[in-house]
Number of protein chains: 2
Amino acid sequence: MAGKKPVFGDQARSVELLWKEAPRARRGPKPTLSVERIVEAAIAIADEHGLAAVSMERVASEFHFTTMALYRYVPGKAELVDLMIDWGVGLPPVLGDEGDSWRTKLERWARALWSVFHRHPWALEATHRLRVMGPCELAWLEAGLSALATTRLTPAEQRTACVVLLGHVRNTAQFSVTLPRGHGGLTNEQWGTATRALIQDRAEDYPRLLAVLSAPPSEGAQEDTLTFGIRSVLDGIEAREARPKAPPRAGRR
Amino acid sequence: MAGKKPVFGDQARSVELLWKEAPRARRGPKPTLSVERIVEAAIAIADEHGLAAVSMERVASEFHFTTMALYRYVPGKAELVDLMIDWGVGLPPVLGDEGDSWRTKLERWARALWSVFHRHPWALEATHRLRVMGPCELAWLEAGLSALATTRLTPAEQRTACVVLLGHVRNTAQFSVTLPRGHGGLTNEQWGTATRALIQDRAEDYPRLLAVLSAPPSEGAQEDTLTFGIRSVLDGIEAREARPKAPPRAGRR
DNA sequence: CCTTACTGTTTATCCACTAAACTAATTAGT
DNA sequence: ACTAATTAGTTTAGTGGATAAACAGTAAGG
């Protein structure tokens with residue numbers, strides 16, 4: 001139990017916090033705070049003011065504590081952020097009844113993720129690299145995989161499908177989410193307007209782009225983007241499903 | 001020329017640098033450095049040591065200059081990073097001859113992007129929000145749109161397709177790219193191994209995930225993921241292409 | 001009671017970004 | 001050519017954030 005292989009290297013301390021229960025101390029004064037309360041406070045700050053606003057001092061001051069007090073609970077800021085991610089995404093919803101098709105379930109999964117990223121926009125910036133995941137994040141993966149359990153996809157294919165779908169949702173959210181003030185947060189519309197202004201003197205260099213940006217703002221553009229990607233992936237799964245045993249070594253060039 | 005609408009807010013200074021040519025000064029000593037050389041040096045550092053290693057001091061020291069010297073060339077670090085992104089991605093390749101199908105061109109586009117993210121892994125962390133884009137980035141968009149010009153997709157649909165494809169490549173690259181040491185960079189294999197170690201005592205909570213992670217490491221997994229997504233999107237486009245005029249208000253729920 | 005372990009604070013570094021004042025160089029305009 | 005304006009790079013200094021180390025006070029365990 002003490003001799004863990006250091007597979008996670010850098011992130012071993014996050015693993016500790018994410019996966020082990022606190023080893024309740026005996027002597028000494030009782031802690032006033034808890035990891036839970038700290039993480040919740042940090043999430044609240046990030047929700048409202050962006051990830052950049054989350055500093056150890058800022059979080060500590062929520063409790064009228066000094067900065068260093070937090071280090072009694074979390075080893076450092078990186079670990080705090082790792083905890084924020086796992087708590088922020090929370091547990092996945094129940095995806096549907098027995099009777100529902102894998103398509104229905106998986107689409108529900110994707111749209112639930114979509115709403116997670118809208119509830120916690122900072123999760124987009126916090127998850128830009130492959131990193132240690134906590135129980136909640138892995139539960140999402142598990143849920144996605146479960147939706148595909150009844151299909152004929154190989155485990156590797158199921159994984160691919162989930163990863164691609166997750167990626168699509170994440171990415172589309174990046175265009176849809178409005179970051180808190182400052183922080184360079186642009187609306188999709190603002191981006192379009194501003195970009196068109198930049199290139200309209202250069203119509204010969206960006207003819208297609210100019211045409212696209214000059215089209216009417218199109219109300220449900222984000223919704224369309226989300227839907228297009230989801231449907232493409234689901235159709236892709238269906239195509240594999242339909243295909244006979246042959247291994248998936250296709251990839252037309 | 002002086003009265004620009006402040007559409008880009010925060011990022012107005014980046015716009016200036018990305019899109020205006022330098023207003024060649026007249027009096028005073030000649031500048032030793034140039035924005036170009038500074039950006040190149042910063043990119044080199046990021047390529048080798050990661051984005052976190054890029055500090056104003058570090059870049060300046062490449063030229064044996066003081067930190068503050070850089071502020072004669074760029075207004076601040078945020079703007080420098082914006083320039084790094086545009087220069088880093090560079091101009092898109094020529095996508096093919098007249099005769100090539102849109103499928104061929106767009107797939108070439110996607111795979112070229114893939115290699116950009118592998119050449120400059122830091123671009124993944126630097127582009128996590130909607131932001132001002134420079135001439136090169138927009139040229140990539142233009143190229144993607146051009147590939148679709150011969151199709152019957154509406155401008156909005158073309159945009160959706162490009163955005164989804166770009167997002168997919170970006171996202172898959174996140175799993176494939178190896179960050180420089182430290183920085184929490186995990187290989188995909190390392191992640192799999194470590195995650196399996198975490199959940200193998202909890203088989204009842206993560207049965208599917210455990211099965212997936214226990215499958216053989218699968219050599220070309222990244223390649224499969226990339227290909228699966230690309231093909232799904234291309235097929236999705238083809239499906240729209242085949243469909244008659246009806247507006248794309250589908251989206252089965 | 002007194003030892004021990006633990007909580008929260010104080011103090012102090014380190015590092016990065018950047019504002020402002022300063023020195024030196026160069027050229028425009030006379 | 002001389003002078004004033006202008007610019008390049010440096011020096012100095014201030015801010016803010018992360019975190020290490022030492023310290024004081026508190027609550028059990030013996």
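Author: A helix here is a DSSP run of H or I with at least four residues, and helices are numbered together with strands (E, at least two) from the N terminus. The model is predicted, so that local features need pLDDT of at least 70 and side-chain atom pairs count only at pLDDT 80 or more, while totals for chains, interfaces and linings use all residues. Residues are numbered from 1 along each chain as its sequence is written, chains are lettered from A in the order in which they are written, and side-chain values use heavy atoms, with hydrogens and water left out.

A cavity is a set of points, on a 1 Å grid over the protein atoms alone, where a 1.4 Å probe fits but cannot get out, and its lining residues have an atom within 4 Å of a point. Grid points are joined across faces, edges and corners, and a volume is the space filled by probe spheres set on the points. By this rule there are eight cavities of 30 Å³ or more, and the largest cavity has a volume of about 400 Å³.

Its lining has 26 residues, and those nearest the centre are Phe175(A), Arg131(B), Met133(B), Glu137(B) and Leu166(B). At least two lining residues come from each of H8 (155-176) and H10 (207-214) of chain A, and from each of H4 (77-89), H5 (102-119), H7 (135-147) and H8 (155-176) of chain B. H8(B) gives the largest share, five residues. By class, the lining of the largest cavity has 18 nonpolar residues (Ala, Val, Leu, Ile, Met, Phe, Trp, Tyr, Cys and Pro), five charged (Asp, Glu, Lys and Arg) and three polar (the others, Gly among them).

The second largest cavity holds about 330 Å³. Among its 20 lining residues, Arg131(A), Met133(A), Glu137(A), Leu166(A) and Arg170(A) lie closest to its centre. Here H4, H5, H7 and H8 of chain A, along with H8 of chain B, each supply at least two lining residues, and the lining of the second largest cavity divides into twelve nonpolar, four polar and four charged residues.

Around these spaces the chains meet. In contact, meaning heavy atoms within 4.5 Å, are 75 residues of chain A and 74 of chain B. The two chains bury about 7,600 Å² between them, 63% of it on carbon and sulfur atoms, where buried area is the accessible area (1.4 Å probe) that two parts lose on being put together, summed over both.

Definitions and conventions: 1 Å grid on protein atoms, 1.4 Å probe; cavity = no way out; pocket = protein on both sides within 12 Å on 5 of 7 lines; lining within 4 Å.
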